[in-house]
Amino acid sequence: MDLSYGEAAEAFRGEVRAFLSLHWPPPSDTRGADLKAFIRTFRALATEQGYLYRAIPKCYGGSEQPVDVVKAQVIREEFQRARAPMEVGGNGMNMTVPTLLEKGTDEQKELFIRGTVEGDYIWGQGYSEPGSGSDLASVRTKGELSADGGKWIINGQKIWTSQGMQATHMFMLVRTEPDAPKHDGITYLLIDLDQPGVTRRPIRQMTGEEGDHTFCEFFFDNAETPVSWQVGERGQGWYVSRTTLKHERAAIGGADGLGRQFAKLVDLAKEVGRIDEPMIRDRLAQIEGFVLSHRYSSYRIFSNAIAGEDAGPVQLMMKLLLTEIGHDMALLAQELIGEHGFVEPAGAGGRGNRGPRGPEKWLDQIMGSLGNSIAGGASNIQRNIIGERGLGLPRDLAMSGER
Amino acid sequence: MHFHLTGEQAAIQDAVRGTLADTWPMERLHAFADGEDDFDKGSWDALMALGLGGMLAPDSGMGLLDAVLVAEVVGEAAAPGPLIGQLLTVAAVARGGNAAAGEYLDTLTSGETVATLVHGGSAFVPCARAADLFLIVDRDAGVRLVAASDAEVEAVRATDRSRPVSKVAFPPDAGARLFSGTDAMTARLADAALVLVAADALGGAQKVTDLSVAYAKEREQFGQPIGRFQGLKHQLAHMALDVEPARALVWYAAYAWDAGLPDALRAAAMAKAHLCDVYVRTTRAAIAAHGGIGYTWEYGLHYWFRRAAFDRAWLGSPAAHRARAAALAGW
């Protein structure tokens, strides 16, 4: 085994560093619109160099690079080290673009990919409904064709949409064939959210936050979208929604973030003067056993990806492992902050105007770790996935129709 | 960057797994467990015939990672024999420069001379009655090699039936001193022992998880395999979640030892602590997942349960190694 990336990768690292030292950071007095413009230009330059949007064709604003997980990792490491912005995040890059690249029409790719890559279009996810959570294929939001057959008319409700207040567009699953079997009656639609038939409302979270950064619910009352914005065949939307980003997906990034958070937990124990207590030291080291297992497993998955091999069931475990470690860290943090936890941190939830924050800032992690066990596939669903796909246990009869 | 097993390493594991399937089936384990011996010559000779004895010799072209992969399969099979002691004794004798000890090198490598590991300060030694040599590793006092003729061995009724311990006492300063307490090799050998025990634990934990999953697919209640029920499915998923990511922790500790990385010492402590906890949790969960059959002698899960109890306490408990790891981190 060898954890070095090799000479070619280190030479490449040199190139990335040289690029970054020329183009980042912005002059220290850059603010507001100027800063936005600087970042936009920086991303364009980095894309030109082949550092960003590597999976996206040049004609849609990407850099169209061959798959190279080591180069992608080196780029991530160096950009993070320089605190330089990488690709715009969010559902657009993670969900819309890969789906369109695989299943979209030329017109749809032309219309949406560049705008998403450049950050002009922000996408909300229109999957969950009040009655459709883990059982997503039960969606009831209705889509009906207009009399002339040119538009879909949408009625219903979507919920838990992150970035919903900023979103310009939504990709959504709507039921268009009410008489078809559950999975075969759904169509995948793109929709412009700026229209009279769409109402959005932020949902106040347990952190107390409400507004721009929380999730939202959406109401559709005869909202419209052109039939040409339908992705894939009518009735095949369920299968369209299964498209995921595979390109250079293996990354060590998650492990680095977890490692940094664990280091902060150790700092917290020092800050509150409890690092010498044997019980605290033991619990920290116990948690670290899992943190390191996660780190080295991500090395393993990354190494398999370089070799083009399947890492096996461990890949299915990484999300649940991260969530469980987050819970353990939250429990210890709660012990350590003691009465500091009586006072809510400034900018609760991790956003907004913060100012100085003491140990009470861990309330963000203590609550946020619960969010991780729900978002992106709830923990009990992860346990099903590990049991069924990883261990080959038979599917629950109630779910055996799912694919 | 390479951090997964090579085809060659997987082949070593397959060879060891095949040899133990032939020489150490469950019937042999049952018979051995009810017998008086603390050593099984048949499976030992078969393992040694694979050329495993010299894996940690400086010129073997192999390293702790390879040894760890073998120890994992030995743990999986709940095989008897002082493999960890044998490998470390070869490593120590080959590097120790003691002429008298060096005389044993060839027969140790071939497995004819059997050596077991003594944790400095502990009275309990596995396979002591069969051992020709005792390698005493003590982080403070150093490393000594003692002949069986200098050891006082008292048989006890051992909990771990696959690697029975005896009570052993040595006269002060018995045998030859190979390394002093301050010699870096002493810590290296103690660390390697920890990683090898972690690997034994990994193999056993994986084995009982596999047995539980197989049973859940085959056992039917309410007209269906019990593995379809979410309660049990989630329990099995958590066993797998405990074991599979921990595999890389063992690999890393072995890799760090082989590469002489600065954190090798701490990685060994973390691996021993974590995997021994995992092993105890997993064997308990496996028996619970099986129901009544898991609680029987005949089914045999208790062999790994007992082995987990030994691995956990031998060479220092998880809490003791976590305390070391905390100090090593400068907390």
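1. A charge is taken to sit over a ring if NZ of Lys or CZ of Arg is within 6 Å of the ring centre and within 35 degrees of the ring normal. In chain B, the charged end of Arg188(B) meets this description over the ring of Trp257(B), at 3.8 Å from its centre, and that of Arg266(B) sits over the ring of Trp331(B), 5.5 Å from the centre.

2. A note on the basis of these values: this is a predicted model, in which local features need pLDDT of at least 70 and side-chain atom pairs count only at pLDDT 80 or more, whereas totals for chains, interfaces and linings use all residues. Residues are numbered from 1 along each chain as its sequence is written, chains are lettered from A and ligands numbered from 1 in the order in which they are written, and side-chain values use heavy atoms, with hydrogens and water left out.

3. Aromatic rings come next; rings of Phe, Tyr and Trp (its six-membered ring) pair if their centres lie within 6.5 Å, and planes under 30 degrees apart count as stacked, over 60 as edge-to-face and the rest as tilted. Over all chains the structure holds 30 aromatic pairs. One of them joins Phe112(A) and Tyr121(A) edge-to-face, with 6.2 Å from centre to centre and 65° between the planes. In chain A, ring pairs also link Phe12(A), Phe19(A), Trp24(A), Phe38(A), Phe42(A), Tyr51(A) and Phe79(A) into a cluster.

4. Helices (H or I, at least four residues) and strands (E, at least two) are DSSP runs, numbered from the N terminus, and two strands pair if DSSP finds at least two bridges between them. In chain A, strand E4 (residues 169-175) has 7 of its 7 residues buried, so it is largely enclosed by the rest of the structure. Both faces of E4(A) are covered, with His169(A), Phe171(A), Leu173(A) and Arg175(A) on one side and Met170(A), Met172(A) and Val174(A) on the other.

5. E4(A) has partners of both senses. Strand E1 (residues 123-126) of chain A pairs with E4(A) in the parallel sense over 4 bridges, and here Gln125(A) stands opposite Phe171(A). Strand E5 (residues 186-192) of chain A runs antiparallel to E4(A) and is joined to it by 7 bridges, with Asp192(A) in E5(A) as the bridge partner of His169(A).

6. Strand E7 (residues 216-226) of chain A pairs in the antiparallel sense with strand E3 (residues 151-161) of chain A over 10 bridges, where Ile159(A) stands opposite Glu217(A). Strand E6 (residues 198-202) of chain A also pairs with E7(A) in the antiparallel sense, over 5 bridges, and Val198(A) stands opposite Phe220(A).

7. In chain B, an open sheet of 3 strands has the order E2-E6-E5, with antiparallel pairing. Its edge strands are E2 (124-126) and E5 (152-155), each of which pairs on one side only. Between E2(B) and strand E6 (residues 165-169) of chain B there are 3 bridges, and Val125(B) stands opposite Ser166(B) in E6(B).

8. Does the span of helix H11 (residues 301-313) of chain B agree or disagree with its number of residues? The expected span is 1.5 Å times one less than the number of residues, so the 13 residues of H11(B) should span 18 Å, and the end C-alpha atoms are 19 Å apart, which agrees. The buried residues of H11(B), among them Trp304(B), Arg307(B) and Asp311(B), pack against helix H2 (26-34), helix H4 (64-77), E2, E6, helix H8 (184-218) and helix H10 (264-290) of chain B.

9. Glu76(B), in helix H4 of chain B, counts as buried at 15% relative accessibility; leaving aside neighbours within four places in sequence, Glu76(B) is in contact with Arg17(B), Gly203(B), Gly204(B), Lys207(B) and Trp304(B).

Definitions and conventions: Buried < 20%, exposed > 50% of the residue type's maximum accessible area, 1.4 Å probe, protein only. Contact = heavy atoms within 4.5 Å.
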